[in-house]
Amino acid sequence: MESLLQHLDRFSELLVVSRTTHVRTWDPVTVRRALQWARYLRHIYRRFGRHGPIRTTLERRLHSQWRQEGGFGRGPVPGLANFQALGHCDVLLSLRLLENQALGDAARHYLVQQLFPGPGVPDADETLQESLARLARCGSAVHMLRFNGYRKNLNLQEDSLMKTQAELLLERLQEVGKAEVEGPARFLSSLWERLPQNNFLKVIAVALLQPPLSPRPQEESEPSIHKTPGEGSQALVHWLLGNSEVFAAFCRALPAGLLTLVTSRHPALSPVYLGLLTDWGQRLHYDLQKGIWVETEPQDVPWEELHNRFQSLCQAPPPLKDKVLTALETCKAQDGDFEVPGLSIWTDLLLALRSGAFRKRQVLGLSPGLSSV
């Protein structure tokens, strides 16, 4: 372990040097050895990605080594602050060398050859070119989520920018999920704290409606890190279900139709969504003078919104529609099973939903016989 930690220390120093004028003395052999060193650490990342004690020891070293006085300065080395960064340290090194104008022509030419080896060059692993492209996409995800959240589009799931952000988020979730099981949850929680929350919730919803990402070729050949298609969406569902306040904000912020699509696609969300709707409905009270259901507190969901959300759910295909009607009938029975309006909000919701469905069938010229929504 001590030898491994020393390798980590030396490579961290190498990353710092790669940004200085010292690289003008590097030749192609030096660049090749540096890349070999980086690939060795990437091998360590893949080998011990799910080995808790070793991963913890390496992360502790990364967090602490540059906080000490002396050396190259204070704070973690940018880009190598955690264990996950070891998975693309060859990419980090290449980026820094490409950005450093002090790198000599021969060394730069060799590096470019490594990045773009040309056709016919066998490589069982991911090439540096592919890694650079992937890192750029991952880096773009947070940037897009942060700065592109203010477009108005009622049909969010068809908005090209939203779909791009959603795809980037799903890909990033697959990346962080390779290092450790809890990686996606921590990543999502950090985004929730850093990004405009309303836009982030919309991106999550659109991501939950995207088709599963196809595994990359190198993942298919490495069963130990292979992620099943759709695991990014599963991580989103688990995270929402594990954070009740976030899920409540998710349900309150998104349009009724979009939430219906999401809960139809991911049945695990529908009971929690119905539970929230039930709680919101119980907070309303009937105003005898106005003859309507009104909010108890300013933050309560109004009758119109509650009705629209249930109406949207009742237009979903089975089994979601059946679950919603069963839930409403159960609430109505528990509330006294009244049949006249004004006594139970569940009775009034069912009456309004049936009346709306009846009018819709009349407009369409269908049979007026209707016993349920």
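Predicted model: local features only at pLDDT ≥ 70, side-chain atom pairs only at ≥ 80, totals over all residues.
## Salt bridges and a helix crossing

E305 is buried, with a relative accessible area of 19%, a value just under the 20% cut-off for that class.

The partner of E305 in a salt bridge is R252, with the closest N and O atoms 3.5 Å apart. This pair links distant parts of the chain, since R252 lies in helix α12 (residues 244–253) and E305 in helix α15 (residues 303–314), 53 residues apart. R252 has a relative accessibility of 34% and therefore counts as partly exposed, whereas E305 is buried.

A second salt bridge joins the side chains of R10 and E13, at 2.7 Å from N to O. Both residues belong to helix α1 (residues 2–17), where they are three residues apart, about one turn of the helix. R10 is partly exposed at a relative accessible area of 36%, and E13 is partly exposed as well, at 27%.

K332 and D337 form a further salt bridge, their closest N and O atoms lying 2.6 Å apart. K332 counts as buried, with 4% relative accessibility, while D337, at 42%, counts as partly exposed. In total the count comes to eight salt bridges, including the pairs tabulated here.

| Salt bridge | Closest N to O distance |
|---|---|
| R252 and E305 | 3.5 Å |
| K332 and D337 | 2.6 Å |

The next topic is helix packing. Two packed helices are described by the angle between their axes and by the distance between those axes. For helix α8 (residues 183–194) and helix α11 (residues 231–241), the angle is about 65° and the axes are 10 Å apart. Helices α8 and α11 are therefore roughly perpendicular to each other, a class that covers 65 to 115 degrees. Their crossing is right-handed. On the α8 side the contact is made by P184, A185, L188, S189 and W192, and on the α11 side by A235, L236 and W239. By type, the residues of this contact comprise seven nonpolar and one polar, with no charged residue among them.

Note on methods:
Residues numbered from 1 in each chain as written. Heavy atoms only, no water. Axes fitted to C-alpha atoms, helices over the stretch in contact; angles between N-to-C directions. Helix = DSSP H or I, 4+ residues; strand = E, 2+ residues; numbered from the N terminus. Parallel < 35°, antiparallel > 145°, perpendicular 65-115°, else oblique. Left-handed = near helix turned anticlockwise from the far one by under 90°. Contact = heavy atoms within 4.5 Å. Nonpolar A, V, L, I, M, F, W, Y, C, P; charged D, E, K, R; others polar. Salt bridge = Lys/Arg side-chain N within 4 Å of Asp/Glu carboxyl O. Buried < 20%, exposed > 50% of the residue type's maximum accessible area, 1.4 Å probe, protein only.
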